[in-house]
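Please read these notes with the model open.

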Amino acid sequence: MVHRKRVVKAARRPEVRLPELMAFDEGELTPDGDYDGLEFRDADFVGQDGAGARFMDCALTGCALDETRLRHARFLDSVLTGIRGVGTDLAEATLRDVELVEARLGGVQLHGAVLERVLVRGGKIDYLNLRKARLKDVVFEGCVLVEPDFGAARLERVSFTDCVLKGADLTAATLVDVDLRGAAELDIARGVDRLSGAVVSHAQLLDLAPVLAAQIGLRVAD
């Protein structure tokens, strides 16, 4: 019998090519707003309501998004650089062909969101809520994720490269072709039993040994 080595399918990265952009000069976001080919630079959207808005071929650079309401918003073929905020509400939003670069976010709500061909590069995100979200072809690269919550989420072709995961929650998550081998630090607080469908390195397996033993009730003694 020939045993074939299973190959993990690599995540497809977004290929965003922005057109010539016009500066956004409307002042505030509006619910269900339609933003196409615009540049938002150093804008203060703190506490504003852009629920259901559509951002197509846009660049958001250095924008403040504290408590900004963007539930059901759609970000398509866009680049978000240096955005910052606490409590940003992106629940059930759609991010497709998006680059998120050097973000500084805390408590961002992305539960029920759909992320497809998304690159998260650099920056730090604390308490990222991705419960029941769907991630497909997503790359986390060189970033720090503190207590990310993937509870009941589906992750397909997702990779972690040179990034730090602290206290990750995988409770009831479904993982398909998830590559954790490149993570600089891998700490899973809950849901280690959901790692079927993921691949880790030999060194990471040793690091995970205590939590895996605890999961199956294995006692280790000299």
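1. The largest cavity has a volume of about 210 Å³. Among the 18 residues that line this cavity, L90, L95, L100, L105 and L110 are the closest to its centre. A cavity here is a set of points, on a 1 Å grid over the protein atoms alone, where a 1.4 Å probe fits but cannot get out; lining residues have an atom within 4 Å of a point. Grid points are joined across faces, edges and corners, and a volume is the space filled by probe spheres set on the points.

2. This is a predicted model, in which local features need pLDDT of at least 70 and side-chain atom pairs count only at pLDDT 80 or more, while totals for chains, interfaces and linings use all residues. Residues are numbered from 1 along each chain as its sequence is written, and side-chain values use heavy atoms, with hydrogens and water left out.

3. Which strands supply the lining of the largest cavity? At least two residues each come from β6 (74-81), β8 (94-106) and β9 (114-126), and the largest share, 4 residues, comes from β9. Strands are DSSP runs (E, at least two residues), numbered from the N terminus. By class, the lining of the largest cavity has 18 nonpolar, no polar and no charged residues. Ala, Val, Leu, Ile, Met, Phe, Trp, Tyr, Cys and Pro count as nonpolar, Asp, Glu, Lys and Arg as charged, and the others, Gly among them, as polar.

4. The count is 2 cavities of 30 Å³ or more. The second largest cavity holds about 70 Å³ of space, and its lining includes F150, F160, A168, V178 and I188. Two or more lining residues come from each of β12 (154-161), β13 (164-169), β14 (174-182) and β15 (185-190); β14 gives the most, with 3 residues. This lining, too, is made up of nonpolar residues, 11 in number, with no polar and no charged ones.

5. Not counting residues up to four places away in sequence, F75 touches residues including F55, L90, T94, L95 and R96. Contact means heavy atoms within 4.5 Å.

6. Leaving aside neighbours within four places in sequence, N129 contacts V108, Q109, L110, H111 and D149.

Definitions and conventions:
On a 1 Å grid over the protein atoms alone, a cavity is a set of points where a 1.4 Å probe fits but cannot get out, and a pocket is an open set with protein on both sides within 12 Å along at least five of seven lines; lining residues have an atom within 4 Å of a point.
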